[in-house]
Amino acid sequence: MESTRDLGNFSSGFLSAITLFHNFHLCIAACGKDEYEVNGECCPMCGPGFRVYKHCTEYPTTLCVPCAPSTFSDLPSGLVKCIQCAVCDSRRGLRIKTECTLTADTICEPREGFYGIDQHKHSCRAAVEHSKCKPGQYIVHKGTADTDTVCGDCVGETYSDGSFSSCRPHTKTRVKNKDRVHTYCRQHL
């Protein structure tokens, strides 16, 4: 008998929780897609490039003002502060590709001689310097903004100082010195 009463209390509590959750969900979902909720009221969002100055709870509509310098807002929102623009830090191998505007963040790209290692959306957040080929190696593929330099090893009677796109053959020079002939390999640079 007691277990039947416990089951009834459980189901009554469970139904109350579902009803509360359902009503809470309806309350949140009541604002339109171009509105935001503040203190139980739905206010019109500010457009891209703007932020909320005063909510519609104080005025008939939301008062919006342009984003401050070095900030942006790329979507309609109920933000009271715009988003800080990204900084392209040259110590991280970056430079500005596109300046920040009121409606779009700064787009960074790798500096010359660097390639990106951390992409986010259309911007690069970090880059490293291209590898340098060593003497005895040649450049198979020159580095780009997206890829590192690829080096290959010279073989046989060939050489490279590390900056060549292919290995070069050694030139043999014969020198006569008193009854002896010496052969030397010379590198043409």
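A search of the whole structure finds eight disulfides, a disulfide being a pair of cysteine sulfur atoms within 2.5 Å. The model is predicted, and local features need pLDDT of at least 70, side-chain atom pairs count only at pLDDT 80 or more, and totals for chains, interfaces and linings use all residues. Residues are numbered from 1 along each chain as its sequence is written, and side-chain values use heavy atoms, with hydrogens and water left out.

One of the disulfides joins C46 to C64, with an S to S distance of 2.0 Å. Its torsion about the S-S bond is about -90 degrees, so this link is left-handed. C46 sits in the loop between β2 (41–44) and β3 (50–54), while C64 belongs to strand β4 (residues 63–66), 18 residues apart; strands here are DSSP runs of E with at least two residues, numbered from the N terminus. C46 is buried at a relative accessible area of 1%, whereas C64 is partly exposed at 33%. Buried denotes under 20% relative accessible area, exposed over 50%, and partly exposed the range in between (1.4 Å probe, protein chains only).

C67 and C82 are also joined by a disulfide, S to S 2.0 Å. C67 lies in the loop between β4 and β5 (71–72) and C82 in the loop between β5 and β6 (83–84), so the pair ties together parts that are 15 residues apart in sequence. Both C67 and C82 are buried.

The sulfur atoms of C85 and C100 are 1.9 Å apart in a further disulfide. C85 is in the loop between β6 and β7 and C100 in the loop between β7 and β8, so parts 15 residues apart in sequence are tied together.

C124 presents another case. The sulfur of C124 is 7.5 Å from the closest cysteine sulfur, in C108, which is too far for a bond. C124 is buried at 2% relative accessibility. In β10, C124 is the bridge partner of Q119. Six bridges join the antiparallel strands β9 (residues 114–120) and β10 (residues 123–129), where pairing requires at least two DSSP bridges between two strands. The two strands form a hairpin with two residues between them, and K121 in the turn has a positive phi of about 55 degrees.

Key
Helix = DSSP H or I, 4+ residues; strand = E, 2+ residues; numbered from the N terminus.
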